[in-house]
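Keep the picture handy as you read.

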Amino acid sequence: MAKVLIFGGTTEGRALAEYGARQGISVAVSVVSEYGKHVMGNMAGLSVRCGALDKDGIFSLLEEEKPCLVLDATHPHAVTVTGEIMWACKKAGVRCLRVVRDMTGEEAGESEDRYKAVFWVHTPGEAAEILARDQKPVLFTTGSKELEFFAEVEKLRGRIYARVLPDSQVLARCEQLGIRGKHLIAMQGPFSEEMNRALIREIGAGWLVTKESGSRGGFEEKLAAAGSCNIPAVVIRRPDSEEGISFEEACRELLCLAEEPDGTAAAEEPGRTAVAEKEELSEKDAMRGLSLIGMGMGTGSQLTVEAIRELEQCDVVLGAGRMLADIKPWIKGKAVKERYLGKEILDWLLAHPIYRRAAVVYSGDTGFYSGCGSLLRILKEQKEEEFLVRIFPGISTLSCLSARLGRSWESIHPASNHGRECDVEALLEKYGHVFLLLGGEEGLGRLCERLDKSGMGNVQVSAGVRLGYPDERIFTGTARELKGSEKASLVAVILDWDRSEAGDER
């Protein structure tokens, strides 16, 4: 018997099943397809039932499993299934909670401003009427259930390109509908904006059709790709007035069940409770994972393979807004929180114990004037031992700028003038070669003006602006020549001061 029964092979369904099993709860999951069963994976205390059920079948499953709680994590558009689950649970006297997928900004209405060519409809029929305006190929990313309707629309014959799950039953049904060959794309999502763009261009799509599926369904990336490729998108809205609990609230429900000292079996072995099974976990397994990741310069293209693998495994990613935007292609379907101060990060993680594997991203390298050091100090000061911390270094700004200039950096003294006081003149007097991170009020022009006034106008300045971004700029000159430079953000410089040639300047 299962303590919790979860309906849905969705991203939320899989995550909730895994979370419950990690808490030592006996979890049963009901999915429709063999593919859904395959991706659910194998974990102790987790069982998966495969096959479509009507309301009587759901009731029979409840009688068999006798769960304490049912979580309906089916797709937002699975209105009929949700109604049948509620009916069966009410008849069986079992508590049932609907897990509602979070809405993205686009779903809340922002897309009408951001993407001008977005048509919002309530039914597949309305979508078909819009698509009948021309004869351009259509990329369908709605899943397989709606394809039967669209395949029968005369004006869509030969225009349908369907992206569906790589499930044998789904593929067979598409074949029966006449969607085959290059018109059938079997892939598992969610997909990045880049992947969506590539597919749109590959098939020459003139339309994209999707459902209002939430951030975990890759909804935003689909609209962004359509906008980038200058093609209109048709969005089938999710049902109105859907009520339920969030993914985080569902996790808290599971956590409460795990902590109930009611003697309910937490695994298949008789006589073992959830508490007993959790006590048997090793100390390492019981700790929460916390990965601190240096992402190098720019748009995340300098992330190491090791760091990307870690991001793919985490439950939630935290960091400054710019960094989170830069690594968007690697964190599809993940929870994302904009937190970058060490205390803020720790407070948030402690307030959200449902996330067992978190990552925090930092620009540049974790060991070079990084916020990583601040978080490590706070963890040590508070003697916080709940987390198993791992650090993944990145490419430092000093290393990146030196490489752009084709020079080594072992003789360069590293420092930062970003948000801190720095006696640049004294460092140049002492070391001759100084690297500086600039920021705040100390922009490039102001630094060069300061050096010129100090009698160091002949200091050679090599500046990197927005390193790693498409609009990156590298330029050189003396401090005197560059003192009129406009203030720019994300600037790093290497200063070279030849004291033997300083003459009477100082």
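The model is a predicted one, where local features need pLDDT of at least 70, side-chain atom pairs count only at pLDDT 80 or more, and totals for chains, interfaces and linings use all residues. Residues are numbered from 1 along each chain as its sequence is written, and side-chain values use heavy atoms, with hydrogens and water left out.

Now for the inside. Of the 506 residues in the chain, 51% are buried, where buried means under 20% relative accessible area, exposed over 50%, and partly exposed in between (1.4 Å probe, protein chains only). The chain has 21 helices and 21 strands; these are DSSP runs numbered from the N terminus, with helices (H or I) having at least four residues and strands (E) at least two. Among contacts (heavy atoms within 4.5 Å) with a separation of 6 or more, 66% join residues 24 or more positions apart.

Have a look at helix α18, residues 397-405: T397, L398, C400, L401 and S402 are buried there. What covers them includes the strands β17, β18, β19, β20 and β21. Just after α18 comes G406, with a positive phi of about 70°.

Next, find E146, in the loop between β7 and α7. Is E146 buried or exposed? E146 is buried, because its relative accessible area is 16%. Leaving aside neighbours within four places in sequence, E146 is in contact with P124 and K211.
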